[in-house]
Amino acid sequence: MSSELQANLKSNLPQIRILLKKNPAIAYTKITEIGLDVGRKYNVQLLVNFPHREKINEFEMYGKRDLSIIIDRQRRNFPIERSVIKSKAREIFGSVQADDAYMYEGKEGVRIMFDGGRIDILPHSLHVWCYFEQKVTEYCDWLLSEVYQLGRSGSDVSSQTKS
């Protein structure tokens, strides 16, 4: 999914760069539309985030970091124990801070913090606030399969992010 997102963003990059000069809000809207179009094919909402304003000018990183995947806004609980999600993070990343998060109003979540950034895992969505290096890719693929129960054939969200 992310390799498809990257390809679409790259093919639209000339238009995005022109829009950024004229009206950054319209450029961001175009980037958002591209992400949503790609996500629609996988039955999810795929959002490209720019947590810091200047990151929108880092064109080579589009689709390779700071992505949100909304799977099902109605889900309030994980289909597996949070301890399994945290344990898998420790298995893949080694020394990592894995904590319960967003635990209010009957909801649950997990936050994984490590040197390269963080991953917020909620029953309805996945928010990756880092670069998709190999371990992040492995963990996200596992989450999509085991936590969000998306089929591997259409859910390989982070493959080929190093291109």
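## Helix packing, core and selected residues in a predicted model

The axes of α1 and helix α2 (residues 13-22) come within 4 Å and cross at roughly 60°, where an axis is a line fitted to C-alpha atoms, for helices over the stretch in contact, and the angle runs from 0 to 180 degrees between N-to-C directions. The two helices, α1 and α2, are therefore oblique to each other, given that angles under 35 degrees count as roughly parallel, over 145 as roughly antiparallel, 65 to 115 as roughly perpendicular and the rest as oblique. This is a predicted model, in which local features need pLDDT of at least 70 and side-chain atom pairs count only at pLDDT 80 or more, while totals for chains, interfaces and linings use all residues. Residues are numbered from 1 along each chain as its sequence is written, and side-chain values use heavy atoms, with hydrogens and water left out.

**Helix α1 and its partners**

- The contact between α1 and α2 is made by L9, K10 and S11 of α1 together with L13, P14 and I16 of α2, contact meaning heavy atoms within 4.5 Å.
- By class, this contact of α1 with α2 has 4 nonpolar, 1 polar and 1 charged residues; here Ala, Val, Leu, Ile, Met, Phe, Trp, Tyr, Cys and Pro count as nonpolar, Asp, Glu, Lys and Arg as charged, and the others, Gly among them, as polar.
- Helix α1 (residues 2-11) also packs with helix α3 (residues 24-41), at an angle of about 145° and with the axes 10 Å apart; helices (H or I, at least four residues) and strands (E, at least two) are DSSP runs, numbered from the N terminus.
- In a right-handed crossing, α1 passes α3, and a crossing is right-handed if the near helix is turned clockwise from the far one by less than a right angle, and left-handed if anticlockwise.
- On the α1 side of this pair, E4, L5, N8 and L9 meet I31, I34, G35, V38 and K41 in α3, and the residues of the contact divide into 5 nonpolar, 2 polar and 2 charged.

**Helices α4 and α5**

- Helix α4 (residues 82-93) and helix α5 (residues 134-147) pack at an angle of about 155°, their axes lying 10 Å apart, which makes α4 roughly antiparallel to α5.
- The residues that make the contact are V84, I85, K88, A89, I92 and F93 of α4 and K135, V136, E138, Y139, W142, L143 and V147 of α5.
- Sorted by class, the contact of α4 with α5 has 10 nonpolar, no polar and 3 charged residues, and α4 passes α5 in a right-handed crossing.

**The largest nonpolar core**

- In soluble globular proteins, nonpolar side chains tend to be buried together.
- The largest nonpolar core has 46 residues, of which Y62, F93, I112, I119, I121 and Y139 touch the most other members; such a core is a set of buried Ala, Val, Leu, Ile, Met, Phe, Trp, Tyr and Cys residues joined through side-chain atoms within 4.5 Å.
- Helix α5 gives the largest share of this core, 7 residues.
- With its neighbours within four places in sequence left aside, I121 is in contact with F78, I85, G109, V110, I112, L126, Y139, L143 and Y148.

**Charged residues in their surroundings**

- K86 has its place in helix α4 and, at 15% relative accessibility, counts as buried, a word used for under 20% relative accessible area, with exposed meaning over 50% and partly exposed in between (1.4 Å probe, protein chains only).
- Not counting residues up to four places away in sequence, K86 touches A98, D99, D100 and V110.
- R75 lies in the loop between β2 (65-70) and α4, counts as buried at 18% relative accessibility, and touches P123, H124, V147 and Y148, not counting residues up to four places away in sequence.
- E146 lies in helix α5 and counts as partly exposed at 39% relative accessibility.
- Although E146 and I80 are 66 residues apart in sequence, they are 8.0 Å apart in space, C-alpha to C-alpha, and E146 touches P79 and I80, not counting residues up to four places away in sequence.

**Positive phi angles in loops**

- N43, found in the loop between α3 and β1 (45-48), has a phi near 65°, a positive value in a residue other than glycine, and is exposed, with a relative accessible area of 69%.
- Q149, whose place is in the loop between α5 and α6 (152-155), has a phi near 55°, a positive value in a residue other than glycine, and counts as exposed at 52% relative accessibility.
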